[in-house]
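Dear colleague,

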Amino acid sequence: MKKQLIALACLGSVADLVVAQSKVDVYGILDSGLAYTTAVAAPTADAPTAHGGRAVIHSGLLQASRFGFRGSESLGGNLKALFVLEGGLNLDTGTSGQGGAIFGRRSVLGLVGDHGDLQLGRRKDFSDEIASQYSSITPFGTFITAVHGNNLDRIGGNRANNMVYYSTPTMHGFRANITYGFGESVGSNTIGQSLGLGGNYADGPFAIGAAYWQSRKGNVTQTANSSSDQGASSGAGCHSVDIGRPGDVCIKTWIAGARYKWDKLSVRGTYSRVIQGLIVDAGPAAPDFVKTFKSTAGSGAFTAGGSNNRHIAIVDVGLDYLIGNKGKLKASYIQSRYDFVGANDTGTLAQIIVGGEYYLSKRTTLYATASTMTASNMYSPGILNGAPGGADDTAAFGAGLRIVY
């Protein structure tokens, strides 16, 4: 009888150990607010320079709403198996993000241990890890993606399918990364392929890092793009049916950033560059942008990332100031410059953005943001919800609530 009791006690201890070694969490972010944007009215024949404003309930002004499941299991020797399944939410409509994919934000499994972090599936590349530390995307969210070349420099966290992601362990503050996206095209390893490299160093108050990304054109139709890089569809060089051939490198991006902290003050900045190498033919002559203020961002001529936009260079600098443990003030200046094939003048976007956060608790944040953008020698992409109206200047204001669980 005593032996049976001892055996049962041992089995119970083993079961408790197994449970302790395995862990699954449900997590998420819910973010929604009220936003007002000027200069978004579409021009008409009767009002060619219309620029009326619009008020909306916006999901994810500060951070995109999401839900997810993540888990890990200890395999011994500091080695763990892991998985993450994460989907996007639009709180204003109740619909899924990322084109309706259930786990479109992230779906990976992998191993992490003394030899690094290996993940397989769909996720963001290392550019996002540089951007989230040093650019304005973390303090201002969707307010700054348009000025960053219509997000072509991956500042907003673009994703790739069929990805192999590997990061080294952190050694003396430094970590390196390599990422590869399989195009999965029959008979070709290059069609739809993507590749990323990067590294980051952080030591106390100072941190610096950089990343590179390139995409090869997939099999493209008017409605689909087979590229592993799911951010490539926003750029004319990767998405156009008439430019280049499947397997050609259609986009290259570089981003470098740094940060320094003095007690409550933090100064940050990034420089990013985008090349759409397949765009070599000139578009139409530059129009009078006030009188003919009409073009589709990301595809039309003289737009950010559009059909004649070959080079983009973006400078993003800012600072954050903590107010005790209850709040933060933040400000940024962002300028992006656009080389349009066949045009004499460089297009420019300049954005000033300020805001604040107040922490009701560790999980709940109230925030407010105000921003202005000026366009020169190009069409403005706007700040939120587009800007088809006839104006070079636009402004946006937003306030909302974010809950992290």
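What follows is a short account of the aromatic pairs and of the charges placed over rings.

This is a predicted model, in which local features need pLDDT of at least 70 and side-chain atom pairs count only at pLDDT 80 or more, while totals for chains, interfaces and linings use all residues. Residues are numbered from 1 along each chain as its sequence is written, and side-chain values use heavy atoms, with hydrogens and water left out.

There are eight aromatic pairs in the structure (rings of Phe, Tyr and Trp, the last by its six-membered ring, with centres within 6.5 Å; planes under 30 degrees apart count as stacked, over 60 as edge-to-face and the rest as tilted). One of them joins Phe-67 and Phe-69, whose ring centres lie 6.3 Å apart with the planes at 90°, so this pair is edge-to-face. Tyr-180 and Phe-182 also make an edge-to-face pair, with 4.8 Å from centre to centre and 75° between the planes. Phe-67 and Phe-69 belong, with Phe-103, to one aromatic cluster.

As for accessibility (buried is under 20% relative accessible area, exposed over 50%, partly exposed in between, with a 1.4 Å probe and protein chains only), Phe-67 is partly exposed at 24%, and Phe-69 is partly exposed at 31%. In the other pair, Tyr-180 is partly exposed at 26%, and Phe-182 is partly exposed at 40%.

Two arginines sit over rings (CZ of Arg, or NZ of Lys, within 6 Å of the ring centre and within 35 degrees of the ring normal): Arg-70 lies over the face of Tyr-27, 4.0 Å from the ring centre, and Arg-123 lies over the face of Tyr-165, 3.7 Å from the ring centre.
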